[in-house]
Structure formats: structure tokens, C-alpha cells
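Thanks, everyone. Please look at the model on the screen while I talk you through it.

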Amino acid sequence: MHETNAFGGAWRANVIQDFARSELFERTFHEGMELVEETAAYLDGAGRQESKLLSRNAALAYASESMRLTTRLMQVASWLLVQRAVREGDMAPAAACEDRYRLAEDAGRDAEHAAEDLPTGLLLLLDRAERLYERVRHLDRRMYVEGEGLAQPNQVLSHLDRLKTAFGA
């Protein structure tokens with residue numbers, strides 16, 4: 001974990017728990033899992049049939065893009081499952097901060113592959129997965145990376161809290 005002080009660790013744990021309990025998490029989780037299922041169904045069904053009709057180069061592009069798509073979706077699903085584990089109390093927020101649970105850096109689409117050579121079904125899934133990945137990557141950065149060292153305790157509020165505790169207020 002990257003935290004250097006107890007306040008930062010507590011602040012980050014609260015952020016993680018708040019997100020895991022939020023409606024935003026619920027929507028993102030359902031969207032991600034539905035996209036995983038939809039992609040698997042496409043690649044095993046219509047996508048498999050469409051790929052058989054492609055030229056050799058387009059078939060190679062299809063294979064490359066479908067591998068990248070499934071890898072990206074598995075990264076998102078794994079990240080979402082970690083957040084769900086935090087929400088359900090199966091994982092401590094501090095454990096969720098480990099680098100192994102962060103999203104890998106983006107491996108963008110190969111510019112050599114012309115989009116017009118790929119089936120529309122795959123292109124639509126690639127676009128949806130890209131947008132979901134970017135949103136989850138943004139959440140990951142905000143929750144686990146950004147703000148380190150920025151969230152310092154307010155000295156006045158800390159002093160007031162100590163006074164309240166001392167005087168039983």
C-alpha cells in the first residue's frame with residue numbers, strides 16, 4: 001500500500017467502502033458483468049460465424065481484437081469483484097489497495113487493423129468495452145492512486161475533535 005500516514009489510510013478506506021456501497025458501483029458492476037456475458041455469447045456464436053467469412057488479414061485482426069477485448073473485460077470484472085468483496089466484508093479496503101488489484105495500463109487498438117474489415121458486432125463490443133474500461137480506470141485512479149499525500153488532516157478540525165472528546169461533547 002502506498003499510504004504514508006494513518007489519516008491517509010483511513011481516508012482511502014472510507015473512500016473505498018463508500019464507493020463499494022454506492023449505486024454507482026451497483027450500476028457499474030451490473031453493466032460490466034452483463035458486457036462480459038454478452039461478449040462471451042457473441043464470440044461463441046455470431047462472432048465465430050462472422051470470423052469465418054473474413055479475409056486472412058481481417059481474421060488475424062479479429063483474433064487480435066477479440067483477445068484484447070476479453071483481456072480488458074476480465075481486468076474490469078476482476079476489479080469489480082474486488083470492490084464487491086470489500087462491500088461484502090470479504091476483503092479489507094487496505095487489501096484492495098494492493099498493486100495487484102490495479103488495472104493494467106491500456107493496450108490500445110492496433111492501428112494496422114482497419115475497422116471496416118471487422119464485423120460490426122465486434123466493433124460495437126470493442127467500443128462499449130473501451131468506454132467501460134476508461135470509466136473503471138478513472139475510478140481506480142481516483143480511489144487508489146490520486147490523492148495520496150493530498151488528504152492531510154485539517155489541524156483546526158483535529159484540535160476541535162480532541163477538545164470534544166476531552167470534554168465529552
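Start with the largest nonpolar core. It has 37 residues. Leu69, Trp79, Leu80, Met91, Leu122, Met143 and Tyr144 touch the most other members. Which elements give two or more residues to this core? They are helix 1, helix 2, helix 4 and helix 6. Helix 2 covers 23–44, and helix 6 covers 120–145. Helix 4 gives the most, with 11 residues.

Take Leu69 from that list. Setting aside neighbours within four places in sequence, Leu69 is in contact with Thr39, Leu122, Leu125, Leu126 and Ala129.

A word on what you are looking at. This is a predicted model. The chain has 169 residues, and 37% of them are buried. There are 7 helices and 0 strands. From the N terminus on, the order is α-α-α-α-α-α-α. Look at contacts with a separation of 6 or more: residues 24 or more positions apart account for 83% of them. The accessible surface comes to about 10,200 Å². Carbon and sulfur atoms hold 55% of that surface.

Now the aromatics. The structure holds 3 aromatic pairs. Phe19 and Phe25 form an edge-to-face pair, because their ring centres are 5.6 Å apart and their planes stand at 80°. The cut-off for edge-to-face is over 60 degrees. Both of these residues, Phe19 and Phe25, are buried.

Phe19 also pairs with Trp79. How are these two rings arranged, with centres 5.9 Å apart? The planes are at 50°, so the pair is tilted. Phe19 lies in helix 1, residues 6–20, and Trp79 lies in helix 4, residues 56–87. So the pair ties together parts that are 60 residues apart in sequence.

Are Phe19 and Trp79 buried or exposed? Phe19 has 8% relative accessibility, so Phe19 counts as buried. Trp79 is buried too, with a relative accessible area of 1%.

Next, charges over rings. The charged end of Arg72 sits over the ring of Tyr133, 4.0 Å from the ring centre. The charged end of Arg102 sits over the ring of Tyr144, 3.7 Å from the ring centre.

On to Ala85. Ala85 is in helix 4. Its relative accessible area is 17%, so Ala85 is buried. Beyond its neighbours within four places in sequence, Ala85 is in contact with Asp90 and Met91. How far apart are Ala85 and Ala96 in space? C-alpha to C-alpha, they are 8.9 Å apart, and 11 residues apart in sequence.

Last, confidence. The chain averages a pLDDT of 84, and 76% of the residues score at least 70. Where is confidence lowest, and where is it highest? Helix 7, residues 155–167, is lowest, at a mean of 61. Helix 2 is highest, at 97.

Two stretches need a note. Over residues 1–7 the pLDDT stays under 50, and the model has 12 contacts there beyond four places in sequence. Over residues 149–153 the pLDDT is below 50 as well.

Terms used: Residues are numbered from 1 along each chain as its sequence is written. This is a predicted model: local features need pLDDT of at least 70, side-chain atom pairs count only at pLDDT 80 or more; totals for chains, interfaces and linings use all residues. Side-chain values use heavy atoms; hydrogens and water are left out. Helices (H or I, at least four residues) and strands (E, at least two) are DSSP runs, numbered from the N terminus. Buried means under 20% relative accessible area, exposed over 50%, partly exposed in between (1.4 Å probe, protein chains only). Contact means heavy atoms within 4.5 Å. Accessible areas come from the Shrake-Rupley method with a 1.4 Å probe; for residues, only the protein chains shown count as cover. Rings of Phe, Tyr and Trp (its six-membered ring) pair if their centres lie within 6.5 Å; planes under 30 degrees apart count as stacked, over 60 as edge-to-face and the rest as tilted. A charge sits over a ring if NZ of Lys or CZ of Arg is within 6 Å of the ring centre and within 35 degrees of the ring normal. A nonpolar core is a set of buried Ala, Val, Leu, Ile, Met, Phe, Trp, Tyr and Cys residues joined through side-chain atoms within 4.5 Å. pLDDT is the predictor's confidence in each residue, from 0 to 100.
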